[in-house]
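This briefing walks through one protein model for a reader who is new to structures. Please keep the sequence and the 3D view at hand while reading.

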Amino acid sequence: MNFRRIFLVKCLLLLFPSVKCSSSSWVYRAVNSTALLSTTAALPLGSVDQLTWSRGRQRLIQLRGNTMKHFVGKEQCRCALLRNGSLQIHSLQAQDSGSYTLMAYLRGKLKAEENITLSVQEPVPQPILISACGNKNISVKCEAKQKAKDEAFMLELTQPNGKKIQKNATMLEWHGWNPGTFRCVAKNKVSEKMAEKVIKCPGKMDFYLILSIAGGAVFFVIFVICLIYCIRRKKTKRREAHEEERAMHILPVESEKGARELPQPPPKAPPKHLSVQQRPLPPQPLEHPPPPRPQPRPRARPRTPNLPRELP
């Protein structure tokens, strides 16, 4: 796949066999990948008498009729000719970069010419993003180390308010006072790598943030103190009301109990020495003699009935 074409012309060779078609293009590939150098003109095998691919002045492969000839070793070229006339190169190396030319002849006349510049590049290194906070600004560095000799790639540093791009550099530096997301990108035609970081240095915005957090903490402590005070006060009032109610119930019970209780005689001291066999104590006179037993009521005499008087 071509990333840029300098000049592209398509020719209808079957309709206009006397017209020569020539074009130039660029192809970029990474190391150890495969490159396909395709032609812009339709050149199926059999439509031309001779087809030759060269790199610079060195011929690589030639097809004449049905005979294919390699001018360099297959291990050195690592290339193959496809049926549409394209050249395929495997396991690309840095030394494969250069200008490749295709020459197609029909009946001894040049029918088509193709010039393709192949650029084999190493993948870009992983960039790193370094930040430092100063008194009044932020310093950001976008750096890509392990740069190979004569290797070209682009560094791009994106800050919250804009972009700063510099080609073929190993470090970009930015100073300002705009915290946010920074992005460092290293890229070339075959690869792209990125490093991203959120940078926010302590400053004016952080002071207000700390102040608001401190105010919120003070308010929370005051709220907790007021809540504890209200709960304790409510419990105290409830306890006082309960004690008053309990005292009101206990006072009449104690007065009634004191009125009903009689004075108890003092307890007698136990005898000093007890004998083995003790005599029963004589009966003690009762302090209060029992009331006299009620006597049965005498029965009334039966009344004699009045006899009827005798008549004279």
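This is a predicted model: local features need pLDDT of at least 70, side-chain atom pairs count only at pLDDT 80 or more; totals for chains, interfaces and linings use all residues.

Residues are numbered from 1 along each chain as its sequence is written, and side-chain values use heavy atoms, with hydrogens and water left out.

**Q121 and its surroundings**

- With a relative accessibility of 15%, Q121 counts as buried, where buried means under 20% relative accessible area, exposed means over 50%, and partly exposed is what lies in between (1.4 Å probe, protein chains only).
- The side chains of Q121 and N188 are joined by a polar contact of 3.3 Å, a term for a pair of N or O atoms within 3.5 Å; within protein, one atom must be able to donate a hydrogen and the other to accept it, and residues adjacent in sequence count only if both atoms are side-chain atoms.
- When residues up to four places away in sequence are not counted, Q121 touches Y28, R29, A30, V31, N188, K189 and V190, a contact being heavy atoms within 4.5 Å.

**Aromatic rings and a charge**

- Rings of Phe, Tyr and Trp (its six-membered ring) pair if their centres lie within 6.5 Å, and planes under 30 degrees apart count as stacked, over 60 as edge-to-face and the rest as tilted; by this rule there are two aromatic pairs.
- Why does the pair of W26 and Y28 count as stacked? The ring centres of W26 and Y28 are 5.9 Å apart and their planes stand at 20°, so the pair is stacked.
- W26 is partly exposed at a relative accessible area of 26%, whereas Y28 counts as buried at 7% relative accessibility.
- W174 and F182 form a tilted aromatic pair, with 5.2 Å from centre to centre and 55° between the planes; W174 counts as buried at 11% relative accessibility, and F182 is buried with a relative accessible area of 0%.
- The charged end of K189 sits over the ring of Y28, 5.5 Å from the ring centre; the rule asks for NZ of Lys or CZ of Arg within 6 Å of the ring centre and within 35 degrees of the ring normal.

**The sheet with β12**

- An open sheet of three strands has the order β11-β12-β15 with antiparallel pairing, and two strands count as paired if DSSP finds at least two bridges between them.
- The edge strands are β11 (128–133) and β15 (171–176), each of which pairs on one side only.
- Six bridges join β11 to β12, C133 has I138 in β12 as its bridge partner, and the two strands form a hairpin with four residues between them.
- Strand β12 (residues 138–143) pairs with β15 in the antiparallel sense over six bridges; S139 stands opposite H175 in β15, and K141 has E173 as its bridge partner there.
- Five of the six residues of β12 are buried, so β12 is largely enclosed by the rest of the structure.

**The sheet with β8**

- Three bridges join β7 to the antiparallel strand β8 (residues 87–89), and L81 stands opposite L87 in β8.

**V185 and the chain as a whole**

- V185, which is placed in strand β16 (residues 180–187), is buried with a relative accessible area of 5%.
- V185 and Q126 are 59 residues apart in sequence, and 8.7 Å apart in space from C-alpha to C-alpha.
- Leaving aside neighbours within four places in sequence, V185 is in contact with C142, M154, L155, E156, E192, K193 and M194.
- The protein chain has two helices and 17 strands, and 27% of its 312 residues count as buried.
- Among contacts in the protein chain with a separation of 6 or more, 54% are accounted for by residues 24 or more positions apart.
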